[in-house]
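I set out to record what I looked up in this structure. The entries follow in the order in which I made them.

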Amino acid sequence: MENLLSLSFDYLSSFDGVKIRKGLRQLEGLLAQICLSRATTAAERRRSMAIDGVAKSSPKDLASLSEDPAFREFFKLQEGFEWNVAIRLISCLERLLGKGSNGQNDLLLVSTLDLLRGVLLIHPPSRSLFAREIYMNLLLDLLDPSSCPAVQSSAVLTLVTALLEQPSITRCFENLDGLLTVTSLFKNRGTSREVKLKLVEFLYFYLMPEIPYAGRDAANSHGGLHRSPSKASRLGSGGRERRDCEEGTRTTNEKQSLLGRYLNNVEDLVEDLKETAPFGTSFG
């Protein structure tokens, strides 16, 4: 597994789009082998062929996945920096973002974000990477109005995955004016309807009661008081005021007050969230 990861990482570190795509496909293939199970009996294979015309793979259930030797090996490798997939994908995003927006580059951005979401779900401790200002800023940069709608939509979904059960990372998102970034994109006339729907879903998610992840605590990091593109910070925009990310959880009412600085009628969102419970969460 180390050899395959090493080869994939070499491709991802390239500036050549063809090599980056190859690296992404290799990682996707590895994760598919870990998370999907093929039909094992002749009857199952015939049934799959009759329905779809191909031998179809199905997701493994979580109970069996946690006991799978390949999954356990992959999870263990993710605990160290050398073989951590998420950090390599984030570095790849940085390079792709620096190349500007064009059709092929946007496709690579979306593919990288899609794969990153899967890795963050398979290995929740990797979400702690987004407690670092530079990485959270990277996701917020992808929500720039100049990004293509597909990239914006994928970035919103990746942001949700990064914040899932991670209150301290949500505090970093807030400290870096993430709410301003999200609401500005939502109010922008040029934002597509599909992206606006994704942003509304994100706001529902953000307003939910917070439940910390039961695993390892997120890494300590810093957050800036004012939203500033990470590209600018990498070019040396010094003097930005900073403060430690706040720990602990916030209530829905507290987050409603924060969101209300940038968006009107937030109370309607909260009432709708309480009435419909779209994520199956009870507000008591």
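**Charged pairs**

I looked up Arg117 and found that it counts as buried because its relative accessibility is 16%; buried means under 20% relative accessible area, exposed over 50%, and partly exposed in between (1.4 Å probe, protein chains only). The model is predicted: local features need pLDDT of at least 70, side-chain atom pairs count only at pLDDT 80 or more, and totals for chains, interfaces and linings use all residues. Residues are numbered from 1 along each chain as its sequence is written, and side-chain values use heavy atoms, without hydrogens and water.

I then noted that Arg117 meets Asp114 in a salt bridge (2.6 Å, N to O), that is, a side-chain nitrogen of Lys or Arg within 4 Å of a carboxyl oxygen of Asp or Glu. Asp114 counts as partly exposed, at 36% relative accessibility.

I next examined Glu174 and Arg250, whose side chains meet at 2.3 Å, N to O. They are 76 residues apart in sequence, so the pair ties together separate parts. Glu174 is buried at 10% relative accessible area, and Arg250 counts as buried at 18%. I recorded one network, in which salt bridges with shared partners join Arg171, Glu174, Glu210, Arg250 and Lys255.

Note on methods
Helices (H or I, at least four residues) and strands (E, at least two) are DSSP runs, numbered from the N terminus.
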